[in-house]
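Hi everyone, thanks for coming.

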Amino acid sequence: MRLTDDLVHEQAIAWHLRLAEDGFDEWDGFVSWLEADAAHNSAYEAVSDADAGLGELAAPAPSVATHPVSWPAAWSTNDEPDAAPVQRRPGRLMAMAATVALVAVGSWVGFGAMNQTYEVRTAPGETRTLALADGTRIALNGSTEIMLDKRDPRFAELKSGEAKFSVHHDAADPFELTVADQKIVDVGTVFNVKKSPQSLKVEVAEGAVRYEDGQVRMRLDAGDTLQASGANVVEGTRPPEAIGSWTNGRLVYEGAPLVEVAGDLARARGIAVELAPNLAQETFSGVIQLDGDGDTLRQRVAQLLRLKVSKTSDGWSISR
């Protein structure tokens, strides 16, 4: 049963009070309530933000994630916390710290009383879009891990994988993305970032970003690209419409090493792609459409690369 927004909000307040008073004694029931409906997490965040002085109690906060989530069957009214109106106690609420755990498909998100950063992960082959409270949207490719801060939607840390950022620009409070010891600062932007163990790749589709690594500081405008590997920083250009094209189900390349193409296919399809060593530095230019079943895509890739793409126990093998 889907409850009214007012009733869900009252329940969120009740859980906020219970957790502050009883701590982890109420944890299992709280998690069950969160899992019953995605709206419950939004309501609880609104109460937590109001408690921290970030907004009005009655204003619902937007959900962090907009990716459809498969929730367990809704719990019955017999399992609900007391739905009676809760008397608001501002003095008591202001002294509380929120603790939230949300289990969702492909990710784990947690908020602690002293640390409100949380992590979102995607599985290989999974994509997900996050909507932050400031209007920024982040599309996550497969095998990606990102850290966000519930208190500060103008901050993110990409731990691994690939993400496309559509940033709500605020000149007085620029959005900052950190990747290891490197920083990317929004100047009104849509940009794509790919982090691998070997390198960082930044590509700007709209607007501009400022790249910093402690020594190098440079501006990248629409169509500009940058690849940093250790102390080596290589600039380039690319058609803006090709940047982040994976979000539209296609991979666009111009002279890209096959090792990069293989990695992108593995991330997008959630399979292992083995590339023959003698092909690693060969290049490919073209567009790979990602639609279709595994065999259809495998045959398409073989034709485009003019190579042999064979099935393996856990994916593909590319060779001559």
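Let's start at Ala180, which sits in the loop between strand S8 (176-179) and strand S9 (182-186). Helices (H or I, at least four residues) and strands (E, at least two) are DSSP runs, numbered from the N terminus. Before going on: this is a predicted model, where local features need pLDDT of at least 70, side-chain atom pairs count only at pLDDT 80 or more, and totals for chains, interfaces and linings use all residues. Residues are numbered from 1 along each chain as its sequence is written, and side-chain values use heavy atoms, leaving out hydrogens and water.

Most residues other than glycine have a negative phi. Ala180 is also exposed, at 59% relative accessibility; exposed means over 50% relative accessible area, buried under 20%, and partly exposed in between, with a 1.4 Å probe and protein chains only.

Arg306 has a positive phi too, near 60°. Arg306 lies in the loop between helix H6 (294-305) and strand S19 (308-311), and is exposed with a relative accessible area of 77%.

Now, which residues lie nearest the centre of the largest pocket? They are Lys201, Glu203, Arg238, Ala256 and Glu260, out of 27 lining residues. A pocket here is an open set of points on a 1 Å grid where a 1.4 Å probe fits, with protein on both sides within 12 Å along at least five of seven lines; lining residues have an atom within 4 Å of a point. S16 gives the largest share of that lining, eight residues.
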